[in-house]
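Here is my note on the model you sent. Please read it with the coordinates open.

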Amino acid sequence: MDDQHGILMDTMNELRLAVVRGLGREQVSEVLDRLIEFTRMHFSSEEKLMEQHFFPGWEEHRAEHQRILAQILQSAHRVQHGEQMQMRPLLCFLQEAYSEHIESTDREYGPWFNGRGVD
Ligand SMILES: [Fe+2]
Ligand SMILES: [Fe+2]
């Protein structure tokens, strides 16, 4: 999971660079799509693992995943359909949502999994 978090953060960085460098909507959308695809994959692997090992907080954790994903999808939809959109607030939101999720919510399952021999 740590590797996947690394990839998520790298992709976030890529998105930030694309925005900072003033790349066009298409390029920004392309990175955003990749971020969404990877996020889906990562969230669902975490959810499967939590379910398999009966992690007590899995429902709340999944709800948080759904909230984050819904926000990203909504923002991506706006960017991709040419609506006027401030990219910086979107970036701030994503950065905050991901870091907070990884640093607090995701930390909760670590000891649970480790105690059950899951890496
Ligand atoms: Fe995670
Ligand atoms: Fe998570």
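The points below cover the helices and one loop.

1. Basis. This is a predicted model, in which local features need pLDDT of at least 70, side-chain atom pairs count only at pLDDT 80 or more, and totals for chains, interfaces and linings use all residues. Residues are numbered from 1 along each chain as its sequence is written, while chains are lettered from A and ligands numbered from 1 in the order in which they are written. Helices here are DSSP runs (H or I, at least four residues), numbered from the N terminus.

2. The α1/α2 pair. α1 covers residues 2-20 and α2 covers residues 25-52. They pack at an angle of about 165°, with axes 9 Å apart. Axes are lines fitted to C-alpha atoms over the stretch in contact, and angles run from 0 to 180 degrees between N-to-C directions. The pair is therefore roughly antiparallel (an angle over 145 degrees). The crossing is left-handed: the near helix is turned anticlockwise from the far one by less than a right angle.

3. Their contact. From α1, the residues involved include Ile7, Leu8, Leu15 and Val19. From α2, they include Val28, Leu32, Leu35 and Phe38. Contact here requires C-beta atoms, placed from the backbone, within 7 Å.

4. Helix α3. This helix has 23 residues. Its first and last C-alpha are 32 Å apart, close to the 33 Å expected at 1.5 Å a residue (1.5 Å times one less than the number of residues). Trp58, His61 and Ile72 are its buried residues. Buried means 20 or more other C-beta atoms within 10 Å of the residue's own, exposed 12 or fewer, with C-beta atoms placed from the backbone. The cover over the buried residues of α3 includes α2 and α4.

5. From α3 to α4. Gly82 follows α3 and has a positive phi, near 70°. Gln86 sits in the loop between α3 and α4. Gln86 counts as exposed because it has 8 C-beta neighbours inside 10 Å. Its C-alpha lies 10.0 Å from that of Ser75, 11 residues away along the chain.

6. Helix α4. Which residues of α4 are buried? They are Leu90, Leu94 and Tyr98. An α-helix has 3.6 residues a turn, so residues three or four places apart point the same way.

7. Both sides of α4. What covers its buried residues includes α1 and α3. The face turned away from the buried side carries exposed residues, among them Arg88, Cys92 and Glu96.

Key: Helices (H or I, at least four residues) and strands (E, at least two) are DSSP runs, numbered from the N terminus. Two residues are in contact if their C-beta atoms, placed from the backbone, lie within 7 Å. Angles under 35 degrees count as roughly parallel, over 145 as roughly antiparallel, 65 to 115 as roughly perpendicular and the rest as oblique.
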